[in-house]
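User: I am new to reading protein models. Could you walk me through a few features, step by step?

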Amino acid sequence: MTEPQSRWLKAARATLAAALATAALSATAQARNDLRPGDYIAVIVNQELVTAGEVERRLERVLADAGRGAKLPPQAELRKLALDALIDERVMITTARESGMRVDEPEIDRAVQSIAAQNQITLDALRERLRTEGTDYGRFRSNVRDQIMIERLREREVYGRIKISDEDIDRLIEQQQSTANAQAETNLAQILVTVAEDADAATVAARRALIDAALARVLKGEPFETVAREVSEDGNRQAGGVIGLRPAARLPDVFVEATKALKPGEVTAQPLRTGAGFHILKLVERKQAGAGHIKQTRARHVLLRTSPQLSAEVAARRLAEYRKLIETGTRSFEDIARQYSEDGSAAAGGDLGWSSPGVMVPEFENAMNEVAVGGLSAPVVSRFGVHLIQVLERRDVALDTKQLREQARNVLREQRFEQAYLDWTKELRSRAYLEYREPPQ
């Protein structure tokens, strides 16, 4: 398989997973009388059926979402991908039912109303559309119930499988601290007495005596800047030896190590020897960017959940239209979110409040981080649907120990979600009864 094909397969699997995670399943075959004329059973999954017609319809949807010009794997490989996704759906449906989950009728009513709203039609119009498409309304509601149960089962089981130890949190915090330290800006001043690499012992001793005398003057209270201007042999001597703010990664490691314990205004207790000569270092300023400090973002979004009635491609086009309305001032973000968004933030105009790194799913957070304050994202696909994001504010926040560890736990949980989800579906499938049927001759 070529690299472009491999990338497309990953995208196709994500599309199929999103369809399962956010859609009301459109064609759950629960009995043999669901077969259409000329159709046949492709696979029996526990007590459920997957028909060849369903596989073809799912394949058509994947191809439509891929768009024209996409480099696709062979047709047989695509069909197997669609079939596998349908099998996984059936396995999850039966598992959810067997777990004893229940969904109240009012909750189904709200979900159906949301589906109608995202399609910009009334509930009566949705009923009529289902009728013209040959879909029984009672079966449609049953599929919605199945999907809600699957959502609950997935969240409970997948997150329950993710085990995060205190040692895992400690390691992540240490990694974050190392990264933050490399990015922290430090302003140093130096007094440099140069020494040639091939200098003889007498010359080295003389140069050492010069730097020792400079250090003694500083330690007695003479201004560092004055001594630097008189003694230092580097390009910053006229500025009192001040190097200027630089990320720690752009400073010599020996400078970082020698000054890491200093407070602003303090000087190294002993001269430092490098290939350039002898140095006295003073910490002028350090801008903290440690793991105990995070950048929080306050954002709002409009979420459209994909479904058989609304593909990811169509949802993205619709959100792009909303984006134009907002940018031209025709509609406000809040009004659009209240009318169309399909999550609990809709009533607040899509406002998600302040979020710390690792709280949002990676695909959402990565897109959000690319948006300037006041800006709008392009449509963003996540496991929950398709989003339009606006960033309202950003701020730096110092975390206490408890908050820091909880933030690290959230990051690890999201990092491990995908693999835990794949392991869970694989395990469910290994326990399922599968009977593949050959096409009728």
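**Reading salt bridges and burial**

Analyst: Let's start with E105, which counts as partly exposed because its relative accessibility is 39%; buried means under 20% relative accessible area, exposed over 50%, and partly exposed in between (1.4 Å probe, protein chains only). This is a predicted model, where local features need pLDDT of at least 70, side-chain atom pairs count only at pLDDT 80 or more, and totals for chains, interfaces and linings use all residues. Residues are numbered from 1 along each chain as its sequence is written, and side-chain values use heavy atoms, with hydrogens and water left out.

User: Which residue forms a salt bridge with E105?

Analyst: A salt bridge is a side-chain nitrogen of Lys or Arg within 4 Å of a carboxyl oxygen of Asp or Glu. Here the partner of E105 is R145, with the closest N and O atoms 2.4 Å apart. This pair links distant parts of the chain, 40 residues apart: E105 is in helix α4 (residues 105-118) and R145 in helix α6 (residues 137-161). Helices (H or I, at least four residues) are DSSP runs, numbered from the N terminus.

User: Is A408 buried or exposed?

Analyst: A408 is buried, because its relative accessible area is 0%. A408 belongs to helix α14 (residues 401-431).

User: Which residues is A408 in contact with, leaving aside its neighbours within four places in sequence?

Analyst: Contact means heavy atoms within 4.5 Å. For A408, the contacts beyond those neighbours are I169, L172 and I173. A408 and L172 are 236 residues apart in sequence, yet their C-alpha atoms are 6.7 Å apart in space.

Terms used. Helices (H or I, at least four residues) and strands (E, at least two) are DSSP runs, numbered from the N terminus.
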